[in-house]
Amino acid sequence: MAAKILSIVGARPQFIKLAAMHRALASCPALQHQIVHTGQHYDPNLSDQFFGEFALPQPDFALQVGSESHNQQIGQMVQKLDTVLATAKPDLVLIYGDTNSTAAGAVAAKKRHLRLAHIEAGLREFNRSVPEEINKIIADSLADIHFAPTATAVDNLAREGHTDSVVHCGDLSLDLLFAAQPMPACTAAATHLMATGPYVLLTCHRAANTDDRSRLAAILAAVRESPYRVIWPMHPRMRLALQRWSMAADSTGEHITVVDPLPFWDTQHLIRLAHGTLTDSGGIIKESYFHQVPAIVIDDQTEWVEVVQEGWAHIAGADTTRILSCLSGLERPLQHGQSLGDGRAGIRIVEKIESLLT
Ligand code: UD1
């Protein structure tokens, strides 16, 4: 009988990693894959859109938890996951990244004494005021197997006493990009966005930026003065923040083009042809590196330290002057390494799981 793997996901970046993992698991008949969607992201353009784009099967379990305070959200997820885990009885639970769904999955699985593997283990921002940092620490301290994307992640795990459980597999989310060269075509809407001259792609959704009026104002000031046109797919959290603080992106719509969150492949095309990206998203930092496009990080730190060390990402914080100076000096470094892996993370993860369970 096939061993049962249960993936717990809930937020946009996890659907991307899930797509890569689902594809890798499909190549192994000895492993049966089931999916739980916690419901952390529920807007179609943050959730269904990705299931459609990656031809993922509908989740076997949909918890529909929705948006709450972090403790309420995680609490509800743990409660509902407990019932799922009792029914599904998986041989291994897979959790991904660092969202509230990751932390809830870790707690629920280990309270049921199930074997737990964390994909994207070992990343640290060394700042416990970041909600994702708490989720990373919970996931790694409870996981039995750590799939680490980078050498720095392996070192971080070793410092916390995890060595034998660690597999340095490379970054799973980039598997999709390595496998799709050339990439699937983008939509007419994305083609239209890219057509009108040099631009930077902006994404901003981290709590440290959206929930702090002065940081947000400093970022907006830089964006308005950007020497390049700005294309801004706006996360719902940012829309709410702008309303709450009575701020506006830009009323003219000429210099700053705000659009709804975009499909995965449209985003990749927009990154590939951008002069640079301006972002607080770890996913966009990695994808910019993949496409050899420089990223300006509007955060005080990033866990993707290799990308910064190689000169492909620049930490600018929420500082108007620093952001503008990075924007005006944007250049592609001469060197580009393979510090985020080689597109075979999913295969390495499956090999490890197979060796443990079959
Ligand atoms: C979450 C993750 C973050 C990840 C991001 C990707 C945590 C702590 N954060 O942040 O690591 O990078 O997803 O997008 O888990 N909302 C909607 N529609 C939705 C989902 C959310 O409108 O489908 C709004 C709600 O007002 C909600 C807010 O966005 O309160 C924030 O959503 P939440 O899931 O808490 O965190 P994200 O900012 O999306």
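Rings of Phe, Tyr and Trp (its six-membered ring) count as a pair here if their centres lie within 6.5 Å, and such a pair is stacked with planes under 30 degrees apart, edge-to-face over 60 and tilted for the rest. With that in hand, Phe50, Phe54, Phe264 and Trp265 form one aromatic cluster. Before going on, note that this is a predicted model, where local features need pLDDT of at least 70, side-chain atom pairs count only at pLDDT 80 or more, and totals for chains, interfaces and linings use all residues. Residues are numbered from 1 along each chain as its sequence is written, and side-chain values use heavy atoms, leaving out hydrogens and water.

Searching the whole structure turns up five aromatic pairs. One of them is Phe50 with Phe54: the ring centres are 6.4 Å apart and the planes sit at 35°, so this pair is tilted. Phe50 and Phe54 are both buried, where buried means under 20% relative accessible area, exposed over 50% and partly exposed in between (1.4 Å probe, protein chains only).

Then there's Phe178 with Phe290, which is edge-to-face because the planes stand at 80°, with the centres 5.0 Å apart. This pair ties together distant parts of the chain, as Phe178 lies in helix α7 (residues 175–179) and Phe290 in helix α13 (residues 282–290), 112 residues apart. Helices (H or I, at least four residues) and strands (E, at least two) are DSSP runs, numbered from the N terminus. Phe178 is partly exposed at 31% relative accessibility, while Phe290 is buried at 16%.

Now for strand β9 (residues 229–233), where five of the five residues are buried. In a regular strand, side chains alternate between the two faces of the sheet. In β9 both faces are covered, with Arg229, Ile231 and Pro233 on one side and Val230 and Trp232 on the other. Strands pair if DSSP finds at least two bridges between them. β9 pairs with β8 (residues 199–203) in the parallel sense over three bridges, and Val200 stands opposite Val230. Four bridges join β9 to β10 (residues 256–259), also running parallel, and here Ile231 has Thr257 as its bridge partner.

A few backbone spots deserve a look too. The peptide bond from Gln181 to Pro182 is cis, with omega near 5°, and Pro182 is in the loop between α7 and α8 (188–194). Ser246 isn't a glycine, yet has a positive phi of about 50°; Ser246 sits in the loop between α11 (236–244) and β10 and is exposed at 67% relative accessibility. Gln292, another residue other than glycine, has a positive phi near 60°. Gln292 lies in the loop between α13 and β12 (295–297) and is partly exposed, at 35%.
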